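Please look over the sequence and the structure shown here before reading on. The notes after them are grouped by topic.

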Amino acid sequence: MSHAWAAGSTRQWRRLRRAVLDRDRWICQLCHKPIDPTRRNPDPMSAQVHHVQGKAYGDDPAHLQAAHRLCNQKAGDPTRAPDPAPRPMTRW
Ligand SMILES: [Zn+2]
C-alpha cells in the first residue's frame, strides 16, 4: 500500500492533523460524536483525519476533516480504484 501522500514531512503532517482536529473541535465529522484525544491508534475510536475527496487531492485542510478511525475506515477513500474484476481461472 502506498503512503506517498504522507512522505516528506511527518512533522508537518502531524501539525496539520492537529490543526484539523482543533478546527473541528474533536468532533467526528462522519458520525458527529466527540473524539477522545486520549485514545491512540489502533483504538477504533481514536482520532484520525479523513480525506474528504480522497488522498489523491493532497493535504489541503479544506479537504480534511476530523473523524474516528473506525468512521474513517468505513468511509474509505473515494479516489481508491475499485477492486479489479475477478479473472476467469485458467484451466489446464
Ligand atoms: Zn465517528
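Which pattern does the protein follow when read along the sequence? The pattern is α-β-β-α. The model is a predicted one.

**Overall make-up**

- The secondary structure of the protein consists of 2 helices and 2 strands.
- The protein has 92 residues, and 18% of them are buried.
- Of the contacts in the protein with a separation of 6 or more, 55% are between residues 24 or more positions apart.

**A cis peptide bond**

- Most peptide bonds are trans.
- The bond from Asn 41 to Pro 42, however, is cis, and its omega is near 10°.
- Pro 42 is placed in the loop between α1, residues 10-23, and β1, residues 47-51.

**Positive phi values**

- Most residues other than glycine have a negative phi.
- Arg 25 is a residue other than glycine with a positive phi, near 55°.
- Arg 25 is located in the loop between α1 and β1.
- His 32 is not a glycine either, yet its phi is positive at about 65°.
- The loop between α1 and β1 also holds His 32.

- Is Arg 25 buried or exposed? Arg 25 counts as exposed because it has 9 C-beta neighbours inside 10 Å, and the cut-off for exposed is 12 or fewer.
- For His 32, 8 other C-beta atoms lie within 10 Å, so His 32 is exposed as well.

Technical notes: Residues numbered from 1 in each chain as written. Predicted model: local features only at pLDDT ≥ 70, side-chain atom pairs only at ≥ 80, totals over all residues. Helix = DSSP H or I, 4+ residues; strand = E, 2+ residues; numbered from the N terminus. Buried ≥ 20, exposed ≤ 12 C-beta atoms within 10 Å, placed from the backbone. Contact = placed C-beta atoms within 7 Å.
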